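Please look at the structure first, then read the points below.

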Amino acid sequence: MTGRKTVLLCGVVALLLCSASCSKDDGLRNTLSQQTRDNDCKEEMLVLGKEIVDPYCLTVMQKAFETMNQAKAPISKITPNHKYVRILPENDEELNLLQRDTNLLLWSYPLNYEIEVAGTCYHDPSIPADKPTWQYCVVPIEYEFPAGLNIEEIYEVYIPESGKGKGFYDELEDKALEIAGVERVSKAAEWTPSATLRTYDDIVGGHVPLEGIVVRARYGTKIAKGTTNSSGYCRLDKSFKQQVNYSFKWERAYWDIRNGVIGQAFYNGPKLGTAWDLNINRTSGKSILFATVHRAAMKFYYGNCLGVHRPILADSKTKIAVKDENASWGSGCCWGTWSHQGVIPDIIIANPNFVPPSFVFNITIHELAHQSHLLFMNLGTYIQLGKEIHESWAEAVAHILTNHHYNHDLKSYGERCRLFDGSRSLQEWHPKTLAGGKTSCYTPIFYDLIDTMNQRHGGTFGCSQYNYNSASYLNEDLLHLYNEDPITGYSLKFIQDNILQTSYGLSSFYSSIKRNKINGITDSIIDVYISPYWGQDYKRP
C-alpha cells in the first residue's frame with residue numbers, strides 16, 4: 001500500500017471513529033451560554049521577559065568557587081553534574097519518545113528567562129504552529145537521549161551537593177547567588193517549597209483536591225518536584241534560598257492534556273518564597289476545563305473504575321485536546337488511538353469554560369470509555385460495531401463512574417445529595433425522535449441491566465422521586481408489566497467481560513445476554529427488554 005493510500009485510509013477510519021464516538025450535548029451548553037460569566041483569569045500565551053544570570057550555570061559556580069578558601073574545600077574544582085539542553089522533536093512520535101521517560105521534566109519554554117506574563121501555553125514563534133515546539137530540560141551530565149533527536153546543549157550546570165560538607169556547599173551556593181544578583185528570601189536557613197492545589201466542582205458546591213499533579217518549583221536550572229496526594233498537597237524534594245517559580249503540566253504517565261489540538265496545557269504559577277496555595281475557580285478560564293479533565297482521567301486510569309478496562313496505550317500517551325468552545329459537532333469526540341502516529345489527538349473535549357465541571361467530567365469519562373472499548377475489542381472489530389452498542393456502553397460507563405466519583409470518592413465533602421443527573425441516565429430515552437424519524441443510538445440498553453428502577457412505575461433517582469407516565473416512552477411502556485425492575489443486578493465488569501466482548505449489534509447483544517443470565521432472569525424477560533430496540537410490537541411472554 002502506498003504512503004498516500006495509507007494516509008487516506010487513516011483519515012477515513014478516523015472519521016468513522018469520530019462520527020461513531022462523539023458525545024451529544026443535550027442542549028445543556030447552549031442553555032448555559034446565555035448565563036452571565038465573569039472570567040477573572042485571562043488565558044493567554046506565556047510571555048518571556050529578560051534573560052537571567054543562572055547561579056547554577058557552571059561558569060557562575062566556577063567564579064563562586066574561585067572566591068572561596070579552596071584549602072578547606074572538599075573538592076579540588078567545580079565540574080558539571082548536570083546539563084541544560086533543548087530538544088526539537090520533528091513530530092509527535094519523537095515527542096512521545098521523550099515523554100515516555102516519566103523522570104524527564106520537560107518545559108516548552110526556556111528556563112533561563114524571566115516570565116513576564118504567566119499563561120497556560122507557549123509555542124516558540126520560530127516553530128510552525130502545527131509542529132512540536134522546543135522542549136527544555138535539565139538532566140544529569142551522564143544522561144543519554146535516544147539517538148536521532150535534534151538536541152542542543154545550552155550550558156553545563158552544577159547543582160551543589162547536600163548533606164555532605166554542607167557548610168562548604170551552602171557557602172558556594174550563597175556566593176553564586178550573589179554573583180548572579182539573586183535576592184535571598186531571608187538570611188535564615190533554606191526553605192522547602194510545598195503546594196496545595198484544588199479546583200471548583202459544582203455538585204460539591206466548593207473546591208475539591210487535585211490529586212496526582214506533579215508540581216515543579218525552580219530557579220534557573222535548579223528544580224524540585226513533588227506529586228500531590230489525595231488532599232491535593234505535596235512537599236517538594238529540594239530546598240532553596242531564593243524565591244521559586246511554581247508550575248505544573250496537565251499530564252501523567254498515561255495521558256497528556258493539550259491546550260487546543262497541538263500545544264501542551266500547563267499552569268504557570270507565581271514566583272514565591274513560600275508555599276503555593278491554589279484554588280482554580282469557575283472563572284479561571286481554560287484551567288477549570290483542564291482541571292476537570294485531569295480529575296476524570298485520574299479516576300479512569302488510577303482510581304476505582306469498577307473493573308472497566310483502563311485505556312492504557314502501549315507506546316504513547318493518550319492525547320486529550322481541550323477546546324474552550326461550543327463546538328457544532330458536540331461536546332466530546334474519541335478519534336481512536338492515533339496520537340502515536342502524530343496525526344490527530346485521540347480525544348477532543350470541547351466545552352465553554354463556564355459549563356458545570358460535573359458535565360465536563362462525565363463527557364471525559366464517556367470518551368475514555370470509547371477508547372477503553374476500542375482497546376478491549378481491538379480497532380478492527382470496534383469500527384464495525386453498531387452505534388447503539390458503543391454509544392450506549394460509553395453512556396453507561398460515564399454515568400456510573402461519574403456518580404461513583406461523587407458518592408464514594410468525594411463522600412467526605414459535606415452531607416449533600418451528590419448526583420450527576422445527565423439526562424437522568426437516559427431513562428427518558430424514547431425512539432424515533434431525531435430528524436427523519438431516526439432512533440437515537442444513545443440508549444439505556446446497558447445501563448438498564450444495572451439499575452434497580454422500573455421507569456414506568458417511577459422510583460427514587462438519586463435524591464428525587466420520578467414517575468414516567470408518558471406513553472411516548474416505548475421502553476417504559478413495555479416494562480410497566482412488572483412492578484419491580486425486571487432485569488437488574490449486572491455490573492460494568494460483568495457486562496464488559498461476558499456480554500460486551502461478543503456484542504457487535506443488537507442481534508449479538510440479544511444472544512449474549514441470553515447466554516449470560518443472572519439473578520433468575522428468564523428468556524421471556526429478556527424478550528420484553530430487547531423488543532423496543534427491534535421496533536417490534538410487544539408480545540406478552
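Arg 252 sits over the face of Tyr 302, 4.7 Å from the ring centre. A charge counts as over a ring if NZ of Lys or CZ of Arg is within 6 Å of the ring centre and within 35 degrees of the ring normal. The model is predicted: local features need pLDDT of at least 70 and side-chain atom pairs count only at pLDDT 80 or more, while totals for chains, interfaces and linings use all residues. Residues are numbered from 1 along each chain as its sequence is written, and side-chain values use heavy atoms, with hydrogens and water left out.

**Charge over ring**
- Arg 216 lies over the face of Trp 107, at 4.0 Å from the ring centre.

**Aromatic pairs**
- The structure holds 20 aromatic pairs. Rings of Phe, Tyr and Trp (its six-membered ring) pair if their centres lie within 6.5 Å; planes under 30 degrees apart are stacked, over 60 edge-to-face, and the rest tilted.
- Tyr 109 and Phe 266 make a tilted pair, because their planes meet at 50° with ring centres 5.5 Å apart.
- Tyr 109 is in the loop between helix H4 (92–99) and strand E4 (113–117), and Phe 266 is in strand E15 (residues 266–272), so the pair ties together parts 157 residues apart in sequence. Helices (H or I, at least four residues) and strands (E, at least two) are DSSP runs, numbered from the N terminus.
- Tyr 109 is buried at 2% relative accessible area, and Phe 266 is buried at 3%. Buried means under 20%, exposed over 50%, and partly exposed in between (1.4 Å probe, protein chains only).
- One aromatic cluster is formed by Tyr 246, Phe 248, Trp 250, Tyr 267, Trp 276 and Phe 290.

**Nonpolar cores**
- The largest nonpolar core has 77 residues; Trp 250, Phe 300 and Phe 509 touch the most other members. H6 supplies the largest share of this core, 10 residues.
- Another core of 38 residues lies apart from it, with Val 60, Ala 64, Ile 127 and Ala 176 among its members.
- A nonpolar core is a set of buried Ala, Val, Leu, Ile, Met, Phe, Trp, Tyr and Cys residues joined through side-chain atoms within 4.5 Å.

**Positive phi**
- Most residues other than glycine have a negative phi.
- Leu 306 has a positive phi, near 55°. Leu 306 is in the loop between helix H6 (286–301) and strand E17 (318–323), and is partly exposed at 28% relative accessibility.
- Asn 378 also has a positive phi, about 90°. Asn 378 is in the loop between helix H7 (357–377) and helix H8 (379–382), and is partly exposed at 40%.
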